[in-house]
Amino acid sequence: QVWLVESGGGLVQAGDSLRLSCAASGRTFSTLTMGWFRQAPGKEREFVAAISRGGGSTNYADSVKGRFTISRDNGKNTVYLQMNSLKPEDTAVYYCAAALSLGYSSTTNRRFDYDAWGQGTQVTVSS
């Protein structure tokens with residue numbers, strides 16, 4: 001079983017930056033493909049970014065490409081989401097997720113490929 005705990009959310013103004021962190025435990029971190037998703041009120045949970053087990057491959061939603069960066073530190077069992085140039089439409093609860101069965105260089109943007117989820121952290125961007 002994998003446990004994921006997100007942190008770093010908050011209230012910021014448009015144009016500001018935030019860095020989210022997600023600490024994992026319960027399984028060797030380098031065996032996990034990691035992803036970030038978000039869910040705004042009244043909307044479906046949507047893919048934001050993913051990173052492969054070794055960190056060499058990344059994948060982003062078009063809406064965040066060029067503004068957000070996903071990274072991981074396998075020595076610290078942590079994945080990060082650096083969010084720059086935040087917009088009001090980025091307001092959502094952000095969830096960290098782990099996939100247990102993907103290949104070393106693979107990423108996925110499909111919710112159902114992920115086996116474990118964190119509790120979420122709120123990000124609010126005011127205009």
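A salt bridge is a side-chain nitrogen of Lys or Arg within 4 Å of a carboxyl oxygen of Asp or Glu. The views below are taken from a predicted model.

**View 1. Arg38, Glu46, Arg67 and Asp90 form a network of salt bridges.**

**View 2. Aspartate 90 pairs with arginine 38.** The closest N and O atoms of this salt bridge are 2.9 Å apart. Aspartate 90 belongs to the loop between S8 and S9, whereas arginine 38 belongs to strand S4, so the contact ties together parts that are 52 residues apart in sequence. Aspartate 90 has a relative accessible area of 0% and is buried. Arginine 38 is buried as well, with a relative accessible area of 6%.

**View 3. Aspartate 90 also meets the side chain of arginine 67 in a salt bridge.** Here the N to O distance is 2.7 Å. Arginine 67 is located in the loop between strand S6 (58–60) and S7, and aspartate 90 in the loop between S8 and S9; the pair thus links distant parts of the chain, 23 residues apart. With a relative accessibility of 11%, arginine 67 counts as buried, because the limit for a buried residue is under 20% relative accessible area.

**View 4. Arginine 111 and glutamate 44 form a salt bridge.** The closest N and O atoms of the two residues lie 3.9 Å apart. Arginine 111 is found in the loop between S9 and strand S10 (116–117) and glutamate 44 in the loop between S4 and S5, so this pair ties together parts that are 67 residues apart in sequence. Arginine 111 is partly exposed, at a relative accessible area of 32%. Glutamate 44 counts as exposed, with 65% relative accessibility.

**View 5. The largest nonpolar core contains 36 residues.** The members that touch the most other members are Leu4, Met34, Trp36, Val79, Leu81, Met83 and Tyr94. At least two residues of this core are supplied by each of strands S3 (18–25), S4 (33–39), S5 (46–51), S7 (68–73), S8 (78–83), S9 (92–99) and S11 (121–126). S9 provides the largest share of the core, with six residues.

How values were computed
Residues numbered from 1 in each chain as written. Predicted model: local features only at pLDDT ≥ 70, side-chain atom pairs only at ≥ 80, totals over all residues. Heavy atoms only, no water. Core = buried A, V, L, I, M, F, W, Y, C linked by side-chain atoms within 4.5 Å. Buried < 20%, exposed > 50% of the residue type's maximum accessible area, 1.4 Å probe, protein only. Helix = DSSP H or I, 4+ residues; strand = E, 2+ residues; numbered from the N terminus.
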